[in-house]
Amino acid sequence: MKDVNYLKELRKEIADATGIDISKKSKRQVSVDLRAIYCRIALDNTNLSDLEIATTIKRSRTMVLYYGNEVFPQVERTNRKVYDIYLCLAEGVSLKDFNKIKHINTKQRLKELEAQLEYIKDLNETSVIDLRAYISTL
């Protein structure tokens, strides 16, 4: 029962963060990718059988195995955003906290880039430099 509740919370967290209900029929790539991370986490972190996991998302047991073993490695290689969601959920980090951290890191990176831009503008005004050479050093 504890594992079933864990999977309900996991589905709810995915739905809240992405707006996608993974138990509904959809062949959109993002839905398939989210089902894959759900199945991989369920297979790794619960003692439920593949059939029990399948009933939580209204799929067959073979689809759970397919998502977890075949689709998940593709997600890991090709869809960084969904894979980041997997990393958070697998570590038990709330996706709300993850989005806050991601936003803070983006703001920090923007400030760094703005400082670099100002430095380049100053260099351009004070001396003649080869911008291509400078940019290649970054």
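Helices α2 and α5 of this predicted model are roughly parallel to each other, because angles under 35 degrees count as roughly parallel, over 145 as roughly antiparallel, 65 to 115 as roughly perpendicular and the rest as oblique. They pack at an angle of about 25°, with their axes 10 Å apart. Axes here are lines fitted to C-alpha atoms, for helices over the stretch in contact, and angles run from 0 to 180 degrees between N-to-C directions. Helices (H or I, at least four residues) and strands (E, at least two) are DSSP runs, numbered from the N terminus.

The crossing of α2 past α5 is right-handed; a crossing is given that name if the near helix is turned clockwise from the far one by less than a right angle, and is left-handed if anticlockwise. On the α2 side, the contact is made by Val30, Asp33, Leu34, Ile37, Arg40, Ile41, Asp44 and Asn45. On the α5 side, Val82, Ile85, Tyr86, Leu89 and Ala90 take part. Contact means heavy atoms within 4.5 Å. By class, this contact has nine nonpolar, one polar and three charged residues. Ala, Val, Leu, Ile, Met, Phe, Trp, Tyr, Cys and Pro count as nonpolar, Asp, Glu, Lys and Arg as charged, and the others, Gly among them, as polar.

Helix α2 also packs against α1, at an angle of about 155° and with the axes 11 Å apart. That makes α1 roughly antiparallel to α2. The crossing of α1 and α2 is right-handed. Here Tyr6, Leu7, Leu10, Arg11, Ile14 and Thr18 in α1 meet Leu34, Tyr38, Ile41, Ala42 and Asn45 in α2. The residues of this contact divide into eight nonpolar, two polar and one charged.

| Helix pair | Angle | Axis separation |
|---|---|---|
| α2 and α5 | about 25° | 10 Å |
| α1 and α2 | about 155° | 11 Å |

The largest nonpolar core has 29 residues, and those with the most contacts inside it are Leu34, Ile37, Tyr38 and Leu89. Such a core is a set of buried Ala, Val, Leu, Ile, Met, Phe, Trp, Tyr and Cys residues joined through side-chain atoms within 4.5 Å. Buried means under 20% relative accessible area, exposed over 50%, partly exposed in between (1.4 Å probe, protein chains only). Two or more residues of this core come from each of α1 (2-18), α2 (29-45), α3 (50-56), α4 (61-78) and α5 (80-91). Helix α2 gives the most to it, with eight residues.

Isoleucine 37, in helix α2, is buried with a relative accessible area of 0%. Not counting residues up to four places away in sequence, isoleucine 37 touches Phe72, Val75, Val82, Ile85, Tyr86 and Leu89. Isoleucine 37 and proline 73 are 36 residues apart in sequence, and their C-alpha atoms are 9.6 Å apart in space.

Tyrosine 38 touches Leu7, Leu10, Arg11, Ile14, Ile22, Ile53, Thr56 and Ile57, with residues up to four places away in sequence not counted. Alanine 42 lies in helix α2 and is buried, with a relative accessible area of 0%. With the same exclusion of residues up to four places away in sequence, alanine 42 touches Leu7 and Ile53. The C-alpha atoms of alanine 42 and glutamate 52, ten residues apart along the chain, are separated by 10.0 Å.

Lysine 58 is found in the loop between α3 and α4. Although it is not a glycine, lysine 58 has a positive phi of about 60°. At 65% relative accessibility, lysine 58 counts as exposed.

For the protein as a whole, the secondary structure comes to seven helices and zero strands, following the pattern α-α-α-α-α-α-α along the sequence. Of its 138 residues, 33% count as buried. Among contacts between residues at least 6 apart in sequence, 58% join residues at least 24 apart.

Residues are numbered from 1 along each chain as its sequence is written, and side-chain values use heavy atoms, with hydrogens and water left out. In this predicted model, local features need pLDDT of at least 70 and side-chain atom pairs count only at pLDDT 80 or more, whereas totals for chains, interfaces and linings use all residues.
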